[in-house]
Each structure stands twice: as structure tokens, then as C-alpha cells.
Amino acid sequence: MKKVLAEVYRIFKKAPVQILIILLMDITGAIIWDSNPYIIGACIDDLLEQKYFWLCIFIALQFILIALRTADKFLDTRIYSKIVEEESTAYYEKIIRTDADESKISSLLDRVDDVPNFLEINLFDFLSMAGGILFSLIFIFSVSGLFVFLLALSVSIIVPFSTYRFQKDISLNNEEQKNIDEIRVSIIASRKIERYKKHIKKALSLDIINSDLDAKTYLITDLFQTAFLIIAIISTIHTGNYTSGQLFSTITYIMMLNDYVGEINGAIIVVKDLQDTVSRLERNAK
């Protein structure tokens with residue numbers, strides 16, 4: 001993991017100010033997005049009383065969110081494209097000095113942008129996931145009480161632990177898929193149909209195995225989260241101490257929490273894949 005963090009920091013130093021600006025815009029947008037269920041709930045309660053304060057707040061925040069997302073899309077591709085160009089060229093200069101064949105070089109060059117992509121996409125996704133879980137738990141506790149909060153916290157812990165073995169297997173299969181990809185070009189260049197049949201069959205068999213593991217992951221995750229959603233709704237309704245807007249917000253935050261907790265599975269795989277990619281790029285460039 002130290003190598004991954006070192007690589008991420010090395011890429012970050014190529015454009016620290018620009019990357020920070022993009023990250024701050026993303027975080028601000030995520031905060032607005034995560035606050036939407038609360039604000040919409042407040043809008044419902046306000047509108048039922050012929051008031052429009054929270055509606056004005058909601059509209060203003062949506063325009064801010066539009067501006068942030070537009071600016072983000074305008075900036076991030078330009079900044080990260082330049083970084084990927086520099087990284088690809090530098091790695092190509094290193095790899096051609098080794099005895100690696102063209103097939104392996106092609107595959108490795110396709111993975112050079114994994115670390116910049118982590119900074120551009122995955123880092124924000126991880127921060128958004130953590131913030132969304134925290135925000136949802138805080139709201140659930142404030143409205144639904146200790147029982148539903150503890151239930152939510154328990155499910156948020158149980159789901160990743162109960163599905164970890166599946167993510168581990170998926171990560172190992174992804175490593176094998178990278179090995180297969182490294183010989184793909186040479187197999188195509190051989191023009192031998194039987195060799196290519198074996199190659200594509202092995203690659204697709206790993207896809208099927210990963211799909212089965214994904215299905216098991218989603219089954220366990222959905223069962224736990226559906227049970228939690230039903231119990232939480234019934235418990236919240238039985239407390240009787242809520243407005244229509246609060247009930248809407250509570251149900252939305254419970255569903256939002258379930259979505260974010262479900263993303264933990266993918267986050268683990270992304271980190272493991274990135275660790276393998278960084279080691280693979282370093283090992284083959286020597």
C-alpha cells in the first residue's frame with residue numbers, strides 16, 4: 001500500500017493546485033448532493049404550510065451544483081490528459097529498454113493511466129462514499145433514534161465483512177486477467193486459431209467466475225439491506241415523532257446509506273487492483 005500512496009502523491013505533485021481545486025469542487029458538490037434529501041424533506045414541510053424558504057434554498061443549491069459540475073468537467077479532462085500523456089511517454093521510454101515483447105508493452109501502457117484515474121475518479125468516489133455514510137448515519141440517528149442508528153451501523157459493518165472473501169477472489173481473478181491481456185497481442189499476431197480460442201476461452205471464463213462472485217456479493221448485500229430498510233421504516237413510523245418531510249428524508253437516507261455501503265465492495269477491489277498495477281508497472285520497467 002505504501003507504493004500505491006507514493007505513486008498517488010507523485011502524480012498529485014504534477015499539478016497540486018489544479019487537482020486540489022477539482023477535488024474541492026467535487027467535495028462541495030457531494031455535500032450539496034448528500035444534503036438534498038434533508039432539504040427536500042424540509043421543502044415538503046414548508047410547502048404544506050405555504051412557505052417557500054427551503055424551496056429557495058434548494059433551487060439556489062441546484063444552480064451551484066450545476067456550476068460546479070460544469071466547471072469540473074471543463075477542467076479535469078484537460079489536466080489529467082496532460083498528466084497521462086507525460087506518464088505514458090515516460091513509461092514507454094523505460095519499457096522499450098527492457099526485453100519485454102510488444103504484447104506486454106501494449107498491455108502495460110494501457111495501465112499507466114490507472115493511478116491518474118484513481119486521483120481523477122476513485123479518490124473522490126471514496127471520499128463521497130465515506131461522507132455519504134457518515135451524513136446518512138448522523139441524520140438517521142437524529143430522526144429515527146438509537147435503535148435504527150445501531151441497526152444501520154451494524155449492517156454497514158456486517159455487509160463488507162460478509163462479502164470480503166468474494167472481493168478477494170475477484171481481485172485475484174483480475175490479476176490473472178492482466179496476465180492474459182499481456183500476451184493477447186502476441187497471440188493475435190501468431191494467427192493461430194486454436195491458440196486464440198484457448199486464450200479467449202480462458203479470459204471469458206474468468207469473466208463468468210467474477211460475475212458469479214458479484215451475484216453472491218449482491219445477494220448477501222441486498223438481503224441485509226432490504227431487511228434493514230423494512231425494519232427501519234416500521235420503527236420510524238411507530239415512533240410517531242416525525243413530519244411528512246422527515247419521513248421522506250429518513251427513508252431516502254436509509255436507501256442512500258445502503259447504496260454507499262454497497263460501494264465498499266467495489267472500493268476494496270479498486271484498491272487491490274491498483275496495488276497490483278503499481279507493482280506490475282514497476283517490476284516490468286526494470
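**Entry 1: confidence**

I looked up confidence by element and found that it is lowest in H7, with a mean of 81, and highest in H2, at 89. The model is a predicted one, so I also noted what pLDDT is: the predictor's confidence in each residue, from 0 to 100. For the chain, I found a mean pLDDT of 86, with 98% of the residues at 70 or more. I kept one caution in mind: where pLDDT is low, the predicted coordinates should not be read in detail.

**Entry 2: the chain as a whole**

I counted secondary structure next and got 9 helices and 0 strands. Read along the sequence, this gives me the pattern α-α-α-α-α-α-α-α-α. I noted a span of about 75 × 40 × 35 Å for the C-alpha trace along its principal axes.

What share of the 286 residues counts as buried? I found 40%.

**Entry 3: the nonpolar cores**

I listed the members of the largest nonpolar core, which has 44 residues. Ile-19, Ile-83, Leu-119, Ile-133, Ile-140, Phe-228 and Leu-257 are the ones that touch the most other members. Which elements give two or more residues to this core? I wrote down helix H1 (2-12), helix H2 (16-48), helix H3 (53-95), H5, helix H6 (146-181), helix H8 (193-239) and helix H9 (244-284). Apart from this core I found another, of 7 residues, among them Ile-105, Leu-108, Val-112 and Leu-281.

I took Ile-83 as an example and, setting aside residues up to four places away in sequence, found that Ile-83 touches Ile-11, Lys-14, Ala-15, Ile-19 and Pro-116.

**Entry 4: helix H4**

I checked helix H4 (residues 102-110) for buried residues and found Ser-103, Ile-105, Ser-107 and Leu-108. Two of the names, Ile-105 and Leu-108, I had already met in the core of 7 residues. Against what do the buried residues of H4 pack? I noted H3, H6, helix H7 (184-190) and H9.

I found Lys-178 in helix H6. Is Lys-178 buried or exposed? The relative accessible area is 5%, and buried means under 20%, so Lys-178 counts as buried. Leaving aside neighbours within four places in sequence, I listed the contacts of Lys-178 as Ser-107, Arg-111, Asp-273, Asp-276, Thr-277 and Arg-280. I looked further at two of these. Between the side chains of Lys-178 and Thr-277 there is a polar contact of 2.8 Å. Arg-111 is 67 residues from Lys-178 in sequence, and the C-alpha to C-alpha distance is 9.5 Å.

I then moved to Asp-276, which lies in helix H9. Asp-276 is buried, at a relative accessible area of 12%.

**Entry 5: Ser-128**

Last, I looked up Ser-128, and found Ser-128 in helix H5 (residues 114-144). Ser-128 counts as buried because the relative accessibility is 14%. Which residues does Ser-128 touch, not counting those up to four places away in sequence? I wrote down Ala-30, Asp-34 and Tyr-260.

How values were computed:
Residues numbered from 1 in each chain as written. Predicted model: local features only at pLDDT ≥ 70, side-chain atom pairs only at ≥ 80, totals over all residues. Heavy atoms only, no water. Helix = DSSP H or I, 4+ residues; strand = E, 2+ residues; numbered from the N terminus. Buried < 20%, exposed > 50% of the residue type's maximum accessible area, 1.4 Å probe, protein only. Contact = heavy atoms within 4.5 Å. Core = buried A, V, L, I, M, F, W, Y, C linked by side-chain atoms within 4.5 Å. Polar contact = N/O pair within 3.5 Å; in protein donor to acceptor, adjacent residues only side chain to side chain.
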